[in-house]
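User: I'd like to go through this structure with you. Can we keep it quick?

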Amino acid sequence: MRAKTQKRENEYFDNNLKDPKRIYEILESLFQMSSWSEKYIYMIALTEDDDIQGVFEILYGEENAFSIYPEKDLSQSLLHRVSDVMLVQNHPDGSAIPSEEDLLITEKMNEICKNRGICLFDHVIIANGYYSFRENNVI
């Protein structure tokens, strides 16, 4: 049974995880993230070989009712030789367009990452469709 489960997991993660469309497809297929009623932001930590080293929940809460403090998770990432991180979040209102708060979070996270020698590769918003900060030249 374990081999079958492992094979199914590998079907999702064999493809390029730095492709925002692929991230959207994986998270929608596995978790239906666009339908969640509250906002979540996750940090995906990747090695130089694009292997996932960890997925950290760095935010949970309603819009405008939270703070983001990723320093602890980034410090843990450094211990695992992480070179890139991606932020992935949902928008409960169904719009993938980034809010001012999303832009501020991305800016803050990018600064923190740079100070630690880690690349913030992308920030992907999942809703009715997706928005990639990298594809839209925001990062």
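User: What does G129 touch, not counting residues up to four places away in sequence?
Analyst: G129 touches Y24 and A96; contact means heavy atoms within 4.5 Å. This is a predicted model: local features need pLDDT of at least 70, side-chain atom pairs count only at pLDDT 80 or more, and totals for chains, interfaces and linings use all residues. Numbering starts from 1 along each chain as its sequence is written, and side-chain values use heavy atoms, without hydrogens and water.

User: Where is G129 placed?
Analyst: G129 sits in strand β5, residues 129-132. Strands are DSSP runs of E, at least two residues; helices are runs of H or I, at least four; both are numbered from the N terminus.

User: Which way do β4 and β5 pair?
Analyst: Antiparallel, over 4 bridges. Two strands pair if DSSP finds at least two bridges between them. I126 stands opposite Y130 in β5.

User: And what is the strand order in the sheet?
Analyst: The open sheet of 5 strands runs β2-β1-β3-β4-β5, with mixed pairing. Its edge strands are β2 (52-61) and β5, each pairing on one side only.

User: Switching to H91. Buried or exposed?
Analyst: H91 is buried because its relative accessibility is 4%. Buried means under 20% relative accessible area, exposed over 50%, partly exposed in between (1.4 Å probe, protein chains only).

User: Where does H91 lie?
Analyst: In the loop between β3 (84-90) and α4 (100-115).

User: What does its side chain reach?
Analyst: The H91 side chain reaches the backbone oxygen of S95 at 2.6 Å.

Key: A polar contact is a pair of N or O atoms within 3.5 Å; within protein, one must be able to donate a hydrogen and the other to accept it, and residues adjacent in sequence count only if both atoms are side-chain atoms.
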